[in-house]
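Hello,

Here is the structure I said I would pass on. My notes on it follow below.

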Amino acid sequence: METKTSQRKHGEPELNSLVSDTNYSTYTVKDLRTELKRRNLSIKGLKAELVERLQHSDQSGDVNINASILNGGKTLIDDHNHHHCRLSEKERKMERDNRQNIVLWRRPLTTLQYFMLELIITIQEYWRRVLKHRKSCTLFVTTVTVLSLLYFIPGQHQKHVQEVEDFIMWCCYWIGLGILSSVGLGTGLHTFLLYLGPHIAQVTLAAWECQSLDFPEPPYPNEIFCPEDGHTSHVSLLAIMSKVRLEAFMW
């Protein structure tokens, strides 16, 4: 056993030298084409062209062979391992150009085909995620169903539903203005100067005029009315800030 091991180590040439010195002329055309397919190279041409193509591939170092054995002077690739072939610069450029040409106005059918395939893959991926979180999805669907029934079924609860809806729409209004302020409405103007600032000024003037902050909570009507009972209370800066804190926070 030790003698065989030493012979394998010292008597046999290195794997890389065996690959580089392989005599491809002893291969059959079928074996040559099989090896070319493994390296993602063209299999067209006569035997001499196939041999030259393999020799050029060995010399350029384009092929990284993970494992090989010798059998009758031929290099056989282990079927349980994979070797990776690097594309030539010309092939990479052609592949890159082909990808860039896949646009709707040049290759509409191919583009739509890839779009549908990507859409199907995305749907399948999200569906697998949904199946992994069945409890959360079931709870979400149940909650949406119950809220929809409460919203559409008439009854005494509709008054409270309307209040909640008005409150949510009021919050969404100020959140939307806050988002628009980041782009300046396309003119560079800030929505604080157009909406939030005037709103705070209106509440402040109404508070000093009425000497009270007992007018309705948001969402306000088109105008702010003073309390009809004439009740007054101390109006401070902190009280006014508390009155408009919702709008400012949402903005």
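**What was found**

Tyr-173, Phe-192, Leu-193, Leu-194 and Tyr-195 together make a nonpolar surface patch of about 470 Å². Helix H9 gives the most to this patch, with four residues. Please keep in mind that the model is predicted.

Tyr-195 has a relative accessibility of 33%, so it counts as partly exposed.

Helix H8 covers residues 158–181 and helix H9 covers residues 191–210; their axes come within 9 Å and cross at roughly 145°. On the H8 side the contact is made by Trp-170, Tyr-173, Trp-174, Leu-177, Leu-180 and Ser-181, and on the H9 side by Thr-191, Tyr-195, Leu-196 and His-199. Sorted by class, the contact of H8 with H9 has seven nonpolar residues, three polar ones and no charged ones.

**The protein overall**

The protein has eleven helices and four strands. Of its 251 residues, 20% are buried. The accessible surface comes to about 19,400 Å², and carbon and sulfur atoms account for 61% of that surface. Among contacts between residues at least 6 apart in sequence, 40% join residues at least 24 apart.

**Salt bridges**

A search of the whole structure finds three salt bridges.

- Glu-35 and Arg-39 meet through their side chains, at 3.0 Å from N to O. Glu-35 has a relative accessibility of 7% and therefore counts as buried. Arg-39, at 3%, counts as buried too.
- Asp-58 and Arg-39 also meet in a salt bridge, at 2.7 Å from N to O. This pair links distant parts of the chain, 19 residues apart: Asp-58 is in helix H4 (residues 47–60), while Arg-39 is in the loop between helix H3 (29–38) and H4. Both Asp-58 and Arg-39 are buried.
- Arg-129 forms a salt bridge with Glu-125, and their closest N and O atoms are 3.0 Å apart. Arg-129 and Glu-125 are four residues apart in helix H6, so about one helical turn separates them. Arg-129 is partly exposed, with a relative accessible area of 44%. Glu-125 counts as partly exposed as well, at 32% relative accessibility.

Through shared partners, salt bridges join Glu-35, Arg-39 and Asp-58 into one network.

**Two further charged residues**

Is Lys-243 buried or exposed? Its relative accessible area is 7%, and the limit for buried is under 20%, so Lys-243 is buried. Lys-243 lies in helix H10 (residues 237–243). Leaving aside neighbours within four places in sequence, Lys-243 is in contact with Val-203, Leu-213, Phe-215, Pro-216, Glu-217 and Tyr-220.

Where does Arg-106 lie? Arg-106 is in the loop between helix H5 (89–100) and helix H6 (108–132). With a relative accessible area of 55%, against a limit of over 50%, Arg-106 is exposed. Not counting residues up to four places away in sequence, Arg-106 touches Gln-100 and Asn-101.

Regards

Technical notes:
Residues are numbered from 1 along each chain as its sequence is written. This is a predicted model: local features need pLDDT of at least 70, side-chain atom pairs count only at pLDDT 80 or more; totals for chains, interfaces and linings use all residues. Side-chain values use heavy atoms; hydrogens and water are left out. Axes are lines fitted to C-alpha atoms, for helices over the stretch in contact, and angles run from 0 to 180 degrees between N-to-C directions. Helices (H or I, at least four residues) and strands (E, at least two) are DSSP runs, numbered from the N terminus. Contact means heavy atoms within 4.5 Å. Ala, Val, Leu, Ile, Met, Phe, Trp, Tyr, Cys and Pro count as nonpolar, Asp, Glu, Lys and Arg as charged, and the others, Gly among them, as polar. Patches are made of residues with over 30% relative accessible area and no salt bridge: like charges are joined within 9 Å, nonpolar side chains (Val, Leu, Ile, Met, Phe, Trp, Tyr) within 5 Å. Accessible areas come from the Shrake-Rupley method with a 1.4 Å probe; for residues, only the protein chains shown count as cover. A salt bridge is a side-chain nitrogen of Lys or Arg within 4 Å of a carboxyl oxygen of Asp or Glu. Buried means under 20% relative accessible area, exposed over 50%, partly exposed in between (1.4 Å probe, protein chains only).
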